[in-house]
Amino acid sequence: MTLRFLIHAAGAARPGQLATLGLALARADARLLDVEQRVTFGSVDFDLLVEIEGDASREALEGELSDASDQSGLEVTLFSVERGDHTRWRETGAQPRLVLSLMGPRLPALVVAEVGRLIGAHGLTIERIERLSGPGDLGDEPGTLGACLEFRLRGETDIDALRRAAQGVGETHGVDIALQADDVWRRHRRLVCFDMDSTLIKAEVIDELARRHGVYEEVAEITERAMRGELDFQQSFRQRMSKLNGLDESALAEIADALPLMDGVERLMSELKRLGYRTAILSGGFTYFARRLQERLGFDEVHANELVVRDGKVTGEVSEPIIDAERKAWLLRQIAAREGLDMAQTVAVGDGANDLKMLAAAGLGVAFHAKPLVREQARQSVSTLGLDALLYLLGYRHGELNA
């Protein structure tokens, strides 16, 4: 009669323990069907699924495991496994996998408990929890890089309902909860495209130009009309540009030199370049300022609107094509096709309604410090950490990065 057992061995981790357990199984003529090992804070856990023939073999297996326990310093427990249990495990293993990234300045126990409740309420099983952030306690005062836990989940669920519930939990507790499929593409993204204004920089350039020209209130009123739906992006862009007619060209350099970078952007770009990603700016702003960022941070390419300057003055004219929401999504697809990439390998990051089509087209679309409407419609969002939190969503651990 064929018998199956789950062997659980736990204790202080030290070299040679797997070899000791493996030899015990070999001496007992046990067939190894599956094995997992985990080490946490110096403690090791082994789970080994084995198969043997008959009660006599069970006695031999128990004897060998007793000797292995003495040699390895592990506490070994043997559990009988019915065929039905094994079948259910295999069926569970075929269910969809998700990754939930929990990020924030701090992650106290209450937040982790609430995330656990959320996961359970949606019928999912937590298969693994791993810390991606670096040294320091999860519940410490806010740090510059924040904390991140990655949950590997298994099961069938309504992913849109889970995302909505996760957004509510995140807003209540001041953390970010991002969900994505745990598939082959997760750690094989190759192209990252960014909006510029309020994403790579802490400013809206057209507002700064308007302030310098003394027409900020007029430009702001046009922006407000666009937000109310009275104007589309192209209409509002043309009207705002017309207000800049006569702005002295010297103001451009002064504004460019004073633009504040978004938190975390320098670290993020350094790592993306080191890891071989292609990066691009897709902006409804202006190439003059985007190219300054390209020189400073090393973006591979820039696509933005051209400021028309004539005789040392901004004319307020508009060069075609205007980079609007449709154009951003089109550019993302064009760059991916040119580079021979699957769209699942693309990442898009932005904060405004003008970015939504780009975020929807990308394999990973991230609303960064975005307006509520954009956060609601985007599949992932980051609101509590800097731009380098994108590295967590790409699956990188602190130890794999330079800083």
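Asp-311 sits in the loop between strand 12 (307–310) and strand 13, where helices (H or I, at least four residues) and strands (E, at least two) are DSSP runs numbered from the N terminus. Although Asp-311 is not a glycine, its phi is positive, at about 55 degrees. The structure is a predicted model, in which local features need pLDDT of at least 70 and side-chain atom pairs count only at pLDDT 80 or more, while totals for chains, interfaces and linings use all residues. Residues are numbered from 1 along each chain as its sequence is written, and side-chain values use heavy atoms, with hydrogens and water left out.

**Backbone features in loops**

- Asp-311 is exposed, because its relative accessible area is 75%; here buried means under 20% relative accessible area, exposed means over 50%, and partly exposed lies in between (1.4 Å probe, protein chains only).
- Asp-29, found in the loop between helix 1 (17–27) and strand 2 (31–40), also has a positive phi of about 55 degrees although it is not a glycine, and its relative accessible area of 62% makes it exposed.
- Glu-320 and Pro-321 are joined by a cis peptide bond with an omega of about -5 degrees, and Pro-321 lies in the loop between strand 13 (313–318) and helix 12 (325–338).

**Domains and cores**

- The domain assignment divides the chain into domain 1 (2–90), domain 2 (95–181) and domain 3 (191–400), with bounds that come from an automatic or database domain assignment.
- The centres of domain 2 and domain 3, taken over C-alpha atoms, are separated by 28 Å, and the contact between them takes 23 residues from domain 2 and 19 residues from domain 3, where contact means heavy atoms within 4.5 Å.
- The largest nonpolar core has 60 residues, and those with the most contacts inside it include Phe-194, Leu-272 and Leu-390; such a core is a set of buried Ala, Val, Leu, Ile, Met, Phe, Trp, Tyr and Cys residues joined through side-chain atoms within 4.5 Å.
- Because domain 2 and domain 3 both give residues to this core, it lies between them.
- Apart from this core lies another one of 20 residues, among them Leu-191, Ala-336, Leu-359 and Ala-378.

**Annotated positions**

- The UniProt annotation "active site", from an unreviewed entry, covers Asp-195 and Asp-197; UniProt positions are given in the numbering used here, feature names are shortened, and annotations may be inferred rather than shown by experiment.
- Both Asp-195 and Asp-197 are included in the lining of the second largest pocket, a pocket being, on a 1 Å grid over the protein atoms alone, an open set of points where a 1.4 Å probe fits, with protein on both sides within 12 Å along at least five of seven lines, and lining residues having an atom within 4 Å of a point.
- Asp-195 lies in the loop between strand 9 (191–194) and helix 6 (205–213), and it counts as buried because its relative accessibility is 6%.
- The side chains of Asp-195 and Lys-328 are joined by a polar contact of 3.0 Å, meaning a pair of N or O atoms within 3.5 Å, of which, within protein, one must be able to donate a hydrogen and the other to accept it, while residues adjacent in sequence count only if both atoms are side-chain atoms.
- Asp-197 is found in the loop between strand 9 and helix 6, and with a relative accessible area of 7% Asp-197 is buried.
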